[in-house]
Amino acid sequence: MKKQILILFLALISAATFAQSDLPKKATEISPLLVGEKIPNFTLKSAEDVDVNLSDLFKIKKTILIFYRGGWCPYCNLHLSAIGEAEKELLELGYQIIAISPDAPKNLKITDEKAKLNYLLLSDANGALTKAIGIAFQVPENYKTIISNGSDGVNTSFLPVPSVFIIGVDGAIQFEHITPDYKNRITNELLLATAKVLK
């Protein structure tokens with residue numbers, strides 16, 4: 001009996017350890033969904049703290065879907081502003097733009113107002129969507145306070161690898177640009193050229 005209890009105890013410890021480390025340790029170790037696969041359907045929060053269903057949005061028109069680390073990241077803010085500069089052309093091509101981060105809705109609003117963005121920002125504070133797509137990795141120790149503050153205490157475990165997807169109205173990935181080096185982002189020139197080909 002003692003042996004069975006010991007085995008059960010060790011199994012529980014092992015399961016708890018796995019649960020904490022089931023995310024890749026580094027941004028370079030992620031396994032994202034591939035072109036042709038569908039983005040899983042999730043309901044996220046808008047900057048106004050309203051539920052938004054992703055698949056309902058995708059059905060409206062083709063989507064430029066952006067994942068960024070948070071409004072606290074200067075490289076992300078520069079990229080969001082750059083996307084804003086290409087927004088008019090992307091809209092004319094028939095796309096909508098959606099950007100997702102672990103930030104809480106109230107912090108999305110701050111980012112939106114600071115960068116004067118016209119497109120939709122959504123919160124994936126618990127990381128369910130980011131993890132399902134396969135672009136989440138374990139947050140480095142020195143970022144834990146920052147991401148906890150950004151998510152209003154919801155996120156203490158993951159960061160998204162900055163990514164841009166082009167999504168069809170069926171929710172399938174038509175193009176992806178995933179950059180483990182958060183300092184490097186897709187250029188507007190490449191994004192627009194790809195968007196034109198896929199429109």
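This is a predicted model: local features need pLDDT of at least 70, side-chain atom pairs count only at pLDDT 80 or more; totals for chains, interfaces and linings use all residues.
Is Asn107 buried or exposed? Its relative accessible area is 16%, and because the cut-off for buried is under 20%, Asn107 counts as buried. If we set aside residues up to four places away in sequence, Asn107 touches Asn149 and Gly150.

Let me widen the view to the helix around this residue. Helix 4 runs over residues 105-115, and its buried residues are Pro105, Asn107, Leu108 and Thr111. When we look down the axis of helix 4, these buried residues fall within an arc of 155 degrees, so they line one face of the helix. On the other side of helix 4 we find Glu113 and Lys114, which are exposed. And what covers the buried residues of helix 4? The cover includes strand 1 (43-46), helix 3 (74-92), strand 4, strand 5 (120-123) and helix 6 (144-150). After helix 4 comes Lys116, which has a positive phi, near 50 degrees.

Asp152 counts as partly exposed, at 48% relative accessibility.

A second salt bridge to look at joins the side chains of Lys88 and Glu92, at 2.7 Å from N to O. Both residues lie in helix 3, four residues apart, which is about one turn of the helix, and both of them are exposed. As a general point, an α-helix has 3.6 residues a turn, so residues three or four places apart point the same way.

The largest nonpolar core has 26 residues, and within it Ile39 and Leu65 touch the most other members. Among the elements that give two or more residues to this core are strand 3 (62-67), strand 4 (95-101) and helix 5 (128-133), while helix 2 gives the most, with three residues. Leaving aside neighbours within four places in sequence, Ile39 is in contact with several residues, including Leu54, Phe58, Leu65, Leu129 and Ile167. There is also a second, separate core of 25 residues, which includes Cys73, Ile97, Tyr119 and Val164.

Key
Residues are numbered from 1 along each chain as its sequence is written. Side-chain values use heavy atoms; hydrogens and water are left out. A nonpolar core is a set of buried Ala, Val, Leu, Ile, Met, Phe, Trp, Tyr and Cys residues joined through side-chain atoms within 4.5 Å. Buried means under 20% relative accessible area, exposed over 50%, partly exposed in between (1.4 Å probe, protein chains only). Contact means heavy atoms within 4.5 Å. The arc is that of the directions from the helix axis to the C-beta atoms. A salt bridge is a side-chain nitrogen of Lys or Arg within 4 Å of a carboxyl oxygen of Asp or Glu.
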